[in-house]
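Please keep the sequence and the coordinates at hand while reading.

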Amino acid sequence: VAFIRVLIPALWHIQDPASQRLTWNKPPKSVLVIKKIQDASLLQPFKELCVFLTEKNMIVYVERKVLADPVIQADESFAAVIQRFCTFREDLDDISNRVDFIICLGGDGTLLYASSLFQKTVPPVMSFHLGSLGFLTPFNFDTYQSQVTQIIEGNAAIILRSRLRVVKESREKNARVDKKGIIKTNGDSEGSRKAMQYQVLNEVVVDRGPFSYLSNVDLFLDGHLITTVQGDGVIVSTPTGSTAYAVAAGASMIHPNVPAIMITPICPHSLSFRPIVVPAGVELKIMLSRDSRNTAWVSFDGRKRQEICHGDNITITTSCFPVPSICFQDPVNDWFESLAQCLHWNVRKKQNYLSSKEDVF
């Protein structure tokens with residue numbers, strides 16, 4: 001009998017997540033400030049932060065639509081600071097090689113938006129809790145000066161939040177699908193498909209859209225059909241996204257340091273369809289089933305919502321470009337603090353102490 005010998009190091013070292021630290025090769029010179037749009041309560045913190053950064057001789061990047069706010073334009077005392085800004089437009093200007101780090105003012109959505117601006121390498125992100133929930137925004141703005149100074153000096157812990165690389169392939173509108181699911185076109189089959197790529201921090205959601213019928217989509221893992229989802233839809237999420245839509249749909253919560261992908265059905269018409277966790281290295285593919293009564297819809301971190309037709313497919317893998325998120329304390333303590341403060345995890349009234357004199361029954 002032949003045996004395969006597996007060599008395991010005598011001391012198998014598992015890295016402590018708290019040991020991940022932010023280090024600069026050279027002092028940072030530029031910063032992107034992202035502010036939640038149409039929120040008047042953030043105007044004063046935004047102005048204070050920008051003045052502070054310019055006083056530190058930082059090059060400040062701001063999205064052009066942020067400066068279009070009438071209140072900001074009407075502030076004459078802030079006009080001199082605005083003139084020193086570098087502006088950009090979403091989907092039009094590439095700033096990926098110009099920014100050293102990012103500061104977000106708002107809620108969790110500002111971090112998701114910051115992620116969407118960078119389709120490859122993402123600069124470190126510092127998120128201030130100025131929104132509603134704030135699960136991903138650990139910093140309090142009251143002491144922003146000392147905290148930003150620490151980041152510039154490179155004195156902070158960091159967590160790498162994995163993203164999903166999503167490719168949506170669509171067939172051309174004049175193509176048709178035969179009974180076997182094969183796309184038929186008048187021209188070249190290779191030229192009849194359009195591919196769009198997205199980097200997703202939280203989740204990809206496939207749902208039934210405006211239709212009353214169940215969604216009926218096939219789920220493949222590494223080329224093998226593993227199940228057909230019949231229900232309102234399915235969520236494919238990162239560990240970061242496991243505490244968002246997925247947890248509301250009954251999924252477990254996964255620490256962001258765990259390399260995994262979560263698959264969660266939305267209201268499945270089955271008592272046995274439970275959420276599952278698969279390794280981060282697999283390739284998932286989602287397609288409409290041949291006998292699906294209607295199309296489905298897909299969104300990426302709640303944006304870019306679009307229809308999935310017969311012949312379309314969505315391929316999902318773990319991205320090579322995570323989001324370096326700056327921690328307030330460290331990856332472990334920050335996560336449990338968010339669970340307790342934002343989601344009230346395991347909050348319960350304490351059981352009364354039973355004295356020895358009292359009867360047990």
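Leaving aside its neighbours within four places in sequence, which residues is Phe85 in contact with? In this predicted model, and with those sequence neighbours set aside, Phe85 is in contact with Phe46, Cys50, Thr54, Val60, Val62, Leu67 and Phe78.

Phe85 also belongs to the largest nonpolar core, a set of 32 residues in which Phe46, Leu49, Leu53, Phe85, Ile103, Phe128 and Val148 touch the most other members. At least two residues of this core come from each of β1 (30–35), α1 (43–55), β2 (59–63), α2 (64–67), β4 (101–106), β5 (125–129) and α6 (144–152), and the greatest contribution, six residues, is that of α1. Another core lies apart from this one and holds 26 residues, including Val166, Ile263, Val298 and Phe300.

Two or more lining residues are given by each of α5 (108–116), β10 (193–200) and β18 (303–308), with β10 providing the largest share, namely five residues. The table sets out the lining of this pocket by residue class.

| Class in the lining of the largest pocket | Number |
|---|---|
| Nonpolar | 10 residues |
| Polar | five residues |

Definitions and conventions
Residues are numbered from 1 along each chain as its sequence is written. This is a predicted model: local features need pLDDT of at least 70, side-chain atom pairs count only at pLDDT 80 or more; totals for chains, interfaces and linings use all residues. Side-chain values use heavy atoms; hydrogens and water are left out. Helices (H or I, at least four residues) and strands (E, at least two) are DSSP runs, numbered from the N terminus. Ala, Val, Leu, Ile, Met, Phe, Trp, Tyr, Cys and Pro count as nonpolar, Asp, Glu, Lys and Arg as charged, and the others, Gly among them, as polar. A nonpolar core is a set of buried Ala, Val, Leu, Ile, Met, Phe, Trp, Tyr and Cys residues joined through side-chain atoms within 4.5 Å. Buried means under 20% relative accessible area, exposed over 50%, partly exposed in between (1.4 Å probe, protein chains only). Contact means heavy atoms within 4.5 Å.
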